[in-house]
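These are my notebook entries on one structure. I set down each item that I looked up, together with what I found.

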There are 6 protein chains.
Amino acid sequence: MATLGLLEYEAARSEVRKVYDDIMATRQTDYINNFWKALAHDPVTLKRTWESLKQVMSAGCLDALTKELIYLAVSVTNQCPYCIASHTAAARKAGMTNAMLVELMSVVGMANETNRLASGYQVEIDERFRT
Amino acid sequence: MATLGLLEYEAARSEVRKVYDDIMATRQTDYINNFWKALAHDPVTLKRTWESLKQVMSAGCLDALTKELIYLAVSVTNQCPYCIASHTAAARKAGMTNAMLVELMSVVGMANETNRLASGYQVEIDERFRT
Amino acid sequence: MATLGLLEYEAARSEVRKVYDDIMATRQTDYINNFWKALAHDPVTLKRTWESLKQVMSAGCLDALTKELIYLAVSVTNQCPYCIASHTAAARKAGMTNAMLVELMSVVGMANETNRLASGYQVEIDERFRT
Amino acid sequence: MATLGLLEYEAARSEVRKVYDDIMATRQTDYINNFWKALAHDPVTLKRTWESLKQVMSAGCLDALTKELIYLAVSVTNQCPYCIASHTAAARKAGMTNAMLVELMSVVGMANETNRLASGYQVEIDERFRT
Amino acid sequence: MATLGLLEYEAARSEVRKVYDDIMATRQTDYINNFWKALAHDPVTLKRTWESLKQVMSAGCLDALTKELIYLAVSVTNQCPYCIASHTAAARKAGMTNAMLVELMSVVGMANETNRLASGYQVEIDERFRT
Amino acid sequence: MATLGLLEYEAARSEVRKVYDDIMATRQTDYINNFWKALAHDPVTLKRTWESLKQVMSAGCLDALTKELIYLAVSVTNQCPYCIASHTAAARKAGMTNAMLVELMSVVGMANETNRLASGYQVEIDERFRT
């Protein structure tokens, strides 16, 4: 179910349990995704990835929903089945409605199309858009 | 400056000028991006792409700024230099501050990382995330 | 101009010259692209890549033009500036007109869009399309 | 079977049925792919995507088979399982033989390889290939 | 199980069997992966791909394990499920431990993140890094 | 030269200077790459990214050179010009010879080719490679 297996809470060492506890407390759930259980065989990456994600995804100038929409847009562009499934769920939990989902998909589709048109036609960057 | 050259307003036929006029009216500007000038040698694609983009990017459930942020997130993920430059400008025009930009980049970077961790570790989709 | 520099004919050893000679004879030109000059510091890869390409791109069931169109479509999708520039030229030499180019770009753009819609909406493969 | 489910003809509103009817008439089939049924919860995107696709994929300078080959080449490069499955079927319906399929795959594989060699060796674009 | 089916040894012609024999001899196994069986319907590509792979993956300046790690890193970045599964196995056979696997994944994740940060922030290449 | 400009040491606040100091001490250099100067307008991401990178890239089971080779392989696959340029330099500093570079490129090219062949032919994962 994952290259190194899924590490359940009961079988985990305390350093892993601490991360699991923080995930559940932060997300107000008693469920740990397979993603974290798959990473947990490498406690250093588990901790670093979770802490980075927690910092990055917490509401700042951009609210939590907007961040989830961006996360999903990237996952769809990369066509990662796991991340599309899990972040569709996460975005919904953060407030994404079906109507928002379809607008998101339209933008993602359009951007993927025009990215190739711009590159394919070898369009030079406008002077005013240069950094 | 583009495979088929850039078609300026003065040199364009009326069907192209109509699209240019609509772009300028919609965006409240007198400037046409190189992207559109590069597409204009194919008036059918120019018209279809512009009308689709106009429909997709207008405020709906998601406001115009959120849509620009998503567009930029996709362009960064695809690493399209033209689209990154032009949509950074477009997002700023729609209200993106520097503080929002750095939060956006953090989310995009993080999602690109975890997409590969999920795929690389062959993580099975959780039962509850399945459609 | 390339990581290991560009190896000119005059400076090349005989094994490299043989490949250069074959490229020029096959393509009926006296010009060697930078791509080959950049690879030539690794004569084994140069020879293998050229011979593979020669075999793959020669007319078979699919004619040379169709193969060049496919090559360009892939290069646009991957957004490789060098390959877009060089294979736009190669496709033109093989007979691609401007009208074909704009149709090619439309298909490439559309496919990149619908690839993300299919993945993003997690569409299950139809029974009849399964292998 | 898709994020928003698959919308069957019987359950669809008239605006969706009209698109379904046009798909079936254009393709001379009584079958609607899951892709369209998954999009149909967003009738605006359904209509826009279908009409764009219909316009883009109809025979022009490039015949319908060549367009399907290009579509498949993009889908393989993006590694979209749904689109590979459905467009392999579509290309076959348009006349692609097994012998054409293997030539297509060879070109796609080769282009993906040389795209990275060109980028990896940082090859500068030849003066004569510049736009 | 593959677009053109899987060609078993018993059903294969002598030119295909020769490649199968060489694969088994080189890898010291009596097992042929589905990948080769799927390619075998195109004996020319089968032979070319196998001989290229054999040449590329044999120990040189870089040992066989390092080459397998690089292969896996690319496959994870491209998110190819088949290649991730088969090259995780191949890398393990070449000596990759679980501890190496987790370090590999960390590097791959990190590189995918910083690739987007560098592109997204439109960072100009440092003078000293130019070729 | 970067979306938010490049932040020089002299103009930086102490929290940024601390990161710059650590980069220079760790890498035994007095040079700060443009990448870090571009990130520095977001001190939180700068610190997190540098500390993650430092942890990930330090020698473990995999030595520093192997990690740099993997990093470069990913950057080439993603075709990130900045990262290819900077990590070619970093890999050389870690001991990569020209002979290693050409072997690396061969493996990267080959993997990108076979990833598409495996996906394109819809090859099912072998029972023995499943997790």
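**Entry 1: one residue in chain F.** I began with F:L65, which has 19 C-beta neighbours inside 10 Å and therefore counts as partly exposed. The cut-off matters here, because a residue is called buried only if 20 or more other C-beta atoms lie within 10 Å of its own. I noted that the model is a predicted one.

I then looked up where this residue sits, and found F:L65 in helix α4 of chain F. Which residues does F:L65 contact, once its neighbours within four places in sequence are left aside? I recorded F:A94, F:G95 and F:M96. I also checked a pair: F:L65 and F:S75 are 10 residues apart in sequence, and their C-alpha atoms are 15 Å apart in space.

**Entry 2: the contact between chains F and E.** How many residues does each chain give to this contact? I found 57 residues from chain F and 57 residues from chain E. On the side of chain F that touches chain E, the elements giving two or more residues are α2 (34-39), α3 (43-57), α4 (64-78), α5 (81-93) and α6 (98-120) of chain F. The largest share of that side comes from α6(F), with 15 residues. By residue class, I noted that the side of chain F that touches chain E divides into 34 nonpolar, 18 polar and five charged residues.

**Entry 3: the build of chain A.** I turned to chain A and found six helices and zero strands. Read from the N terminus on, the elements of chain A run α-α-α-α-α-α. Is chain A compact or spread out? Its radius of gyration is 18 Å, well over the 14 Å that the globule rule gives for 131 residues, so chain A is more spread out than a compact globule. Along its principal axes, the C-alpha trace of chain A spans about 55 × 30 × 30 Å.

I next looked up burial, and found that buried residues make up 56% of the 131 residues in chain A. Among contacts in chain A between residues at least 6 apart in sequence, 57% join residues at least 24 apart.

**Entry 4: chains A and B.** I asked what rotation superposes chain A on chain B. The rotation is 180°, with 0.0 Å of shift along its axis and an RMSD of 0.0 Å. The two copies are thus related as by a two-fold rotation axis. Finally, I recorded that 100% of the interface residues of chain A are also interface residues in chain B, so the copies meet through the same surface.

Note on methods:
Residues are numbered from 1 along each chain as its sequence is written. Chains are lettered from A and ligands numbered from 1 in the order in which they are written. This is a predicted model: local features need pLDDT of at least 70, side-chain atom pairs count only at pLDDT 80 or more; totals for chains, interfaces and linings use all residues. Two residues are in contact if their C-beta atoms, placed from the backbone, lie within 7 Å. Helices (H or I, at least four residues) and strands (E, at least two) are DSSP runs, numbered from the N terminus. Ala, Val, Leu, Ile, Met, Phe, Trp, Tyr, Cys and Pro count as nonpolar, Asp, Glu, Lys and Arg as charged, and the others, Gly among them, as polar. The radius of gyration is taken over C-alpha atoms; the globule rule is 2.2 Å times the number of residues to the power 0.38. A residue is buried if 20 or more other C-beta atoms lie within 10 Å of its own, exposed if 12 or fewer, and partly exposed in between; C-beta atoms are placed from the backbone. Copies are superposed by least squares on the C-alpha atoms of residues with pLDDT of at least 70 in both.
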